[in-house]
Amino acid sequence: MQQHETYIQRFLLVAITAIAGLSTVSCSKGELQGCAGPEISSSLLEVRKGYLPSGPKGYLVVPNPIDATGLASATATTAETLSSAKMFSLSELTSASLLENAFLKIRIETMNDAVSTLAKPNASGEFSYRVEDVHNWEVMAYQSITSLRRYVKAMGFGLDESRPLYVTVRTKQAGIAADTVNAYYTHNYFDSTAPRTIKLFGKGTYAPGQDRNVYWHEFGHYLNESISKQVGMDYAGDSGAIYTEGSALHECLADYIAESTGNVSYIGKWIAPNFEGYSAGDPLRSAADTRGQKLTYSQVSLADGTGAKPERYAVAEWCSRVLWDIRQALVAESKDIGAVRSDLLMLSALSLLKKDTSISGYRDAVAQADQQLFCGGHQAVINQAFENRGFVKSANLTNPLGITATIYGVTSTGSTTSSISPGQDFTFRIKITNSNSQIARNVRIKLESTDSRVRGTTYMQGLGDLAANRTLDIGSTSGLSFEYSVYGVVDSATPRGTKVSYTLRLMTENAADKLLRGEIQL
Amino acid sequence: MRNFITGILLLASIYWVWQWQGAERFAASQADRSIESIDPGAFLKTASLGFDSAPKARPFVATEQEEVKTETVSYPGMSPVEAAQTYLEAHRQEWNIQMHHDYKPVAVTSPLGTSVRFQFSQDGIPLTGMYVNIDMGAGNEIKQVENLYRPMEMADMKAELLSPEEVTNKLSERFQTAPDADANMLLFAGTHNLQPEPVYSISATEISNDGQTRRPAKILVRAKDGQVLDVTYERAERTE
């Protein structure tokens, strides 16, 4: 009997092992086919390195003299900078003598620069210029944007290239001072035939045109708009809002793609010294905590009515740390392809965003993209990344937010009037009170109208998280300036004496909207 | 007897393994279902949503504002642009797309699907403020349609209009323009208007009243009287 038991036990063990083994194999197979996301080939990993495969050569110091040499004191002309120049191929040129193709067109000052003023190859067919030469910046613009564009497309993103993208590396523009250091991206929402533009301003020691990260960041804005299907993920910001969560996300994702593609957790070491408070070698923003200080959401998001208010770049930096935490987890999960998976996740989430999105909206989009790409395999990582940095669901407010508003006309010189004429801009002094013991999440004020004669211009402002038991006073000398208010205009064809109606909508994520209706007596 | 006991035990072990696998399968089917609930292939139409009434709801969650239809439409074997165009043409009558309006599709893709946007124009002049956006899954199944098309009358291009120079001269000191600033003519499809209005999109720099802040901007100016209808700002790396 004992022999029989042993026999049976052995048989069962073999049978169970065989069946369980089959089961394990089939599970693994299913996982590989269904939940590992899009295939990440070795050629994609090659593309990610940023080298273009063929074409005329150009000499560049990448990403910039400080990062390339590791010296905070490096400038365009130091010996270490000169010796760190490397040769790069410039693929996809329409002709070997001009840095452009059907999509990307590199210029110096304006879109209308004469071709004769632009970079040209030497007798050997190479674009060989020193870093301080503006023609080198043209080469940097072409190489860096083309390499990032190539990587994003290789990941499976088809971009809106129905219009060209013009890049001016040392822009001249009426009304902008010659010593200005800045960079701008324009999507040209109004005009479906107008090109997109990236404009870099500045020509000093730390000129933005010399830094690959600046091009990647600005191209990141184009990617945000294209992949989000041009829903206007921050249309309020495009329309003049000082702050919205969408504007912070726009900067955050532009930082993220530059940082992740470059495999460094910061951006802007080269351009930072142009701005007050930065020394040579300091990054402009960092996706990793510095000096052992953990950055949490409440440190950047709170408006308390006494001076503290959210600022888009500070919130963007916080956001980039959340995304970097997720990236780190994916890299830990798979050293070789984790960064690409992270890029796929962050960019795919963009395609799920709605107009005037929020940080909650993006967090949900990342979770949804993970569900669709990776069967939800990183849900815990995503939630923890946001929660660990203080972004948690807020309890519903006990009392609704309070709001009062007074309307003013705005003259061409910016002063306010108590009466409003046809064709005149108008704005509001607004008081918003949170009489609860909890914060009000993502407070926004929006101007709406069902009357075609009233148009919201700066139609929405984001005000961040309103602290408990605090009041925001917008348009007062002691509170926030009128810049933080909403603006509209009454059509000039409206007869005097007419009344036109409007609505102010006060929104927060943890209470119902509150509407304040009013009329303008012209 | 020996065979009988062995058979019973074998059946029991198979049953136990089957149960165990069944639990796995059940868990997997739950996961599949959760994926399906995100991407049901259902058709959700957000009819004629103006910018101001864009849905606040998450995808596939209807709000009171939306007209929701559940029908599955897919166009296998076509390119996404062909599929979207076929869908648009199938709805031409329902959406009352006017013969004087042309459209141009632009597709963007991601690993999650394709989106085709149709921009409209009249006699080659872009209509700003109206479009149709069609989102599709990997098999060209229609997932969501955002329809901002409005069957507006033809814009009156014979009306007396200011030239770009005249319009620029009427701008207040708030906006500075270069002598050669580009000024493209567009047709502004205001939400409540019957006819689109000819406007110019002009590149300018907005200067704050104290002169401290200067922001590159595009302004939309009505060609009839020079009124500034809208402004969009370029996205700055640093706020001055």
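1. Buried area is the accessible area that two parts lose on being put together, summed over both. Keep that in mind for this predicted model, where chain A and chain B bury about 7,000 Å² between them. Carbon and sulfur atoms give 53% of that area.

2. Who takes part in this interface? Chain A brings 91 residues to the contact, and chain B brings 73 residues. On the chain A side, look for A:Phe190, A:Lys229 and A:Arg455: together they supply 11% of the area that chain A buries against chain B, more than any other three residues.

3. Now for the charges. How many salt bridges does the rule find across the interface of chain A and chain B? There are 8. One to click on is the pair B:Arg174 and A:Asp425, whose closest N and O atoms are 3.3 Å apart.

4. If you search the whole structure, over all chains, the tally of salt bridges is 40. One inside chain A joins the side chains of A:Glu92 and A:Arg149, at 3.3 Å from N to O. This pair links distant parts of the chain, as its two residues are 57 residues apart. A:Glu92 is in the loop between strand E2 (86-89) and strand E3 (104-107), while A:Arg149 belongs to helix H5 (residues 134-154).

5. Next, some helix packing. Two packed helices are described by the angle between their axes and the distance between the axes. In chain A, take helix H6 (residues 212-227) and helix H8 (residues 245-262): the angle is about 125°, and the axes are 8 Å apart. Why call H6(A) oblique to H8(A)? Because angles of 65 to 115 degrees count as roughly perpendicular and only those over 145 as roughly antiparallel, this one falls in the oblique group. The crossing itself is right-handed.

6. Which residues meet there? From H6(A) they include A:Trp216, A:His217 and A:Leu223, and from H8(A) they include A:His250, A:Leu253 and A:Ile257. Sorted by class, this contact has 6 nonpolar, 8 polar and 4 charged residues.

7. Compare that with another pair in chain A, helix H12 (residues 359-374) and helix H13 (residues 379-388). Their axes come within 9 Å and cross at roughly 165°, so H12(A) and H13(A) are roughly antiparallel to each other. This crossing is right-handed.

8. The H12(A) side of this contact is made by A:Ile359, A:Arg363, A:Val366, A:Ala367, A:Asp370 and A:Gln371, and the H13(A) side by A:Gln379, A:Ile382 and A:Phe386. By class, you get 5 nonpolar, 2 polar and 2 charged residues.

Key:
Residues numbered from 1 in each chain as written. Chains lettered and ligands numbered in written order. Predicted model: local features only at pLDDT ≥ 70, side-chain atom pairs only at ≥ 80, totals over all residues. Heavy atoms only, no water. Axes fitted to C-alpha atoms, helices over the stretch in contact; angles between N-to-C directions. Helix = DSSP H or I, 4+ residues; strand = E, 2+ residues; numbered from the N terminus. Parallel < 35°, antiparallel > 145°, perpendicular 65-115°, else oblique. Left-handed = near helix turned anticlockwise from the far one by under 90°. Contact = heavy atoms within 4.5 Å. Nonpolar A, V, L, I, M, F, W, Y, C, P; charged D, E, K, R; others polar. Buried area = accessible area lost by both parts, 1.4 Å probe. Salt bridge = Lys/Arg side-chain N within 4 Å of Asp/Glu carboxyl O.
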